[in-house]
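The entries below follow the order in which I looked things up.

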Amino acid sequence: HDFIIFGLDREYRYLSFNNRHKNMAKEQWGSDIAIGTRILDVIKNYEERENLKNFFDRVLAGEQFSSIEEYEVANGSVVVGKNHWAPIKKRDGEIIGVVCFIEDVSENKGSIKQLLNEKNSLDQNMESLSFYDQLTGVYNRRFYEKELAHMDESQQYPLSVIMMNINGMSKINYDYGHAVGDILMRKAVQVLKYGVRGDDVV
């Protein structure tokens, strides 16, 4: 009861939620949600919708992380939530959805300043978002170039870089459409993420 909890499938449809999330959706978004409702359809604010979609896509690409968010409730007061994001996985490791636990930390006066400082620090480092590929959630070439320059020091050696290609992508895109090609690319990334060691970077 201390958390707002919800789970989504890969199409951003509700798999489950608790009463606190249902009440929040009604209060904040003016919507009555149900199992199967697509969360992006009930959020009218474009910036909020895109921000959440970015979080969902990062989790669907295999990330697990926390974020600090501020929410304005009906009476005009601001609630500070610490969001814990994680993928929902089948036994074989396939990611089938997103789960989010939102902890209301507004009353914790001792740590509220620290949390807001953490959020401001995140805002100042928004550049880091440009290091992710939007489709797959893994690091992109911009990150690679910056990180390679940073790691080009003797104490980092030996350093290995592996480049790979997914065979048949053009044919898949041509024969079945780009949506299917996107699914194939995300699946390939999942295989890579599960196959690397803890200190390797995809």
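**Entry 1: the enclosed space**

I note at the outset that the model is predicted. I began with the lining of the largest cavity, where helix α7, residues 178-195, gives the largest share with three residues. I then listed the lining residues, which are R10, L60, A61, T136, R186, V189 and Q190. Sorted by class, this lining consists of three nonpolar, two polar and two charged residues. The volume of the largest cavity came out at about 30 Å³. I also looked up the number of cavities of 30 Å³ or more, and the count is one.

**Entry 2: T136**

I next examined T136, one of the residues lining the largest cavity. Where does T136 lie? I found T136 in the loop between α4 (109-124) and α5 (141-151). Is T136 buried or exposed? T136 counts as buried because its relative accessibility is 5%, and the cut-off for buried is under 20%. Leaving aside residues up to four places away in sequence, I recorded contacts of T136 with A61, M185, R186 and V189.

**Entry 3: the open space**

I turned from the cavity to the pockets. The largest pocket has a volume of about 1,300 Å³. Its lining comprises 29 residues, and those closest to the pocket centre are Y144, V161, I162, V201 and V202. Which helix supplies the largest share of this lining? I found that α5 does, with six residues. Both α5 and α7 supply at least two residues each to the lining of the largest pocket. By class, I recorded 19 nonpolar, four polar and six charged residues in that lining.

**Entry 4: salt bridges**

How many salt bridges does a search of the whole structure find? The search returned nine. I looked at several of them individually.

I took the pair in α5 to begin with. The side chains of E145 and R141 form a salt bridge, with an N to O distance of 2.9 Å. E145 and R141 are separated by about one helical turn because they are four residues apart in helix α5. I then checked the accessibility of both partners. R141 counts as exposed, since its relative accessibility is 64%, while E145 is partly exposed with a relative accessible area of 42%.

The next pair was D32 and K26, whose side chains meet in a salt bridge at 3.3 Å, N to O. D32 counts as exposed at 60% relative accessibility, the cut-off being over 50%. K26 has a relative accessible area of 42% and is therefore partly exposed.

Lastly, I noted the salt bridge between the side chains of K90 and E94, at 3.5 Å, N to O. K90 is partly exposed at 41% relative accessibility, and E94 is likewise partly exposed, at 23%. Which residues are linked with K90 in a network of salt bridges? I found E94 and K187 there.

**Entry 5: summary for the file**

The largest pocket, about 1,300 Å³ in volume, draws the largest share of its lining from α5.

Note on methods: Residues numbered from 1 in each chain as written. Predicted model: local features only at pLDDT ≥ 70, side-chain atom pairs only at ≥ 80, totals over all residues. Heavy atoms only, no water. 1 Å grid on protein atoms, 1.4 Å probe; cavity = no way out; pocket = protein on both sides within 12 Å on 5 of 7 lines; lining within 4 Å. Points joined across faces, edges and corners; volume = space filled by probe spheres on them. Nonpolar A, V, L, I, M, F, W, Y, C, P; charged D, E, K, R; others polar. Buried < 20%, exposed > 50% of the residue type's maximum accessible area, 1.4 Å probe, protein only. Contact = heavy atoms within 4.5 Å. Salt bridge = Lys/Arg side-chain N within 4 Å of Asp/Glu carboxyl O.
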